[in-house]
Amino acid sequence: MAHFAEIDSNNVVLRVIVVANKDTADANGNEVESIGVAFCQRLLGGNWVQTSYHGNIRKNYAGIGYTYDAAIDAFVPPQPYPSWVLNTNTAQWEAPVPYPTDGKDYTWDEATQSWVEAAAPGA
């Protein structure tokens with residue numbers, strides 16, 4: 001099975017569908033993205049880009065609200081906080097301060113741009 005993401009005019013993912021292998025295969029049975037895209041367009045219209053459930057292509061599996069960034073050929077999740085910066089190698093957002101490695105749970109505080117220890121459950 002192959003997965004394809006429909007993107008709008010701003011490259012934002014609208015939906016992700018599963019397409020049968022036979023609908024993406026060339027005469028030799030090889031999966032070809034352009035064949036899958038053409039199938040999706042015939043069936044549903046719109047603009048389509050292949051995505052990979054395991055992140056094997058385009059770095060991340062597309063999700064509704066993600067953006068397809070053609071410059072890095074990746075699906076990028078929504079930016080979680082204004083201060084976070086996109087790592088173009090992983091297509092993931094990174095905090096300006098690394099997550100603590102002391103084994104405790106933390107949440108991001110955008111106002112102070114720091115990690116704040118999460119309260120223990122029931123506290």
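In this short talk I will go from the overall layout of the chain to its cores, then to one threonine, and finally to the aromatic rings.

Please keep in mind throughout that what you see above is a predicted model. The chain contains one helix and nine strands, and if you follow these elements from the N terminus, their order reads β-β-α-β-β-β-β-β-β-β. As for overall dimensions, the C-alpha atoms occupy a box of roughly 60 × 30 × 30 Å along the principal axes. The radius of gyration of the chain is 19 Å, whereas a compact globule of 123 residues would have one near 14 Å. Of the 123 residues, 30% are buried, and the chain exposes about 7,500 Å², with carbon and sulfur atoms supplying 52% of that area.

The largest nonpolar core consists of eight residues, namely Ala2, Phe4, Ile17, Val19, Val37, Phe39, Cys40 and Trp48. Strand S1 (2–7), strand S2 (13–19) and helix H1 (33–44) each provide at least two residues of this core, and the most come from H1, which gives three.

Is Thr51 buried or exposed? Its relative accessibility is 2%, and since buried means under 20%, Thr51 counts as buried. A polar atom of the Thr51 side chain lies 2.8 Å from the backbone nitrogen of Ala62. Leaving aside residues up to four places away in sequence, Thr51 touches several others, including Phe4, Val16, Tyr61, Ala62 and Phe75.

The last topic is the aromatic rings, where nine pairs are counted, taking ring centres within 6.5 Å as the rule. One of these joins Tyr53 and Tyr61, whose ring centres are 5.3 Å apart and whose planes stand at 75 degrees, so this pair is edge-to-face. Tyr53 is exposed, at a relative accessible area of 54%, while Tyr61, at 28%, is partly exposed. Another pair joins Trp108 and Trp115, with centres 5.0 Å apart and planes at 70 degrees, and it is therefore edge-to-face as well. Here, however, both Trp108 and Trp115 are buried. These two tryptophans also belong to a cluster linked by ring pairs, which takes in Tyr81, Trp84, Tyr99, Tyr106, Trp108 and Trp115.

Terms used: Residues numbered from 1 in each chain as written. Predicted model: local features only at pLDDT ≥ 70, side-chain atom pairs only at ≥ 80, totals over all residues. Heavy atoms only, no water. Phe/Tyr/Trp six-rings, centres within 6.5 Å; stacked < 30°, edge-to-face > 60°. Buried < 20%, exposed > 50% of the residue type's maximum accessible area, 1.4 Å probe, protein only. Polar contact = N/O pair within 3.5 Å; in protein donor to acceptor, adjacent residues only side chain to side chain. Contact = heavy atoms within 4.5 Å. Core = buried A, V, L, I, M, F, W, Y, C linked by side-chain atoms within 4.5 Å. Helix = DSSP H or I, 4+ residues; strand = E, 2+ residues; numbered from the N terminus. Rg over C-alpha atoms; globule rule 2.2 N^0.38 Å. Areas by Shrake-Rupley, 256 points an atom, 1.4 Å probe, with all protein chains shown as cover.
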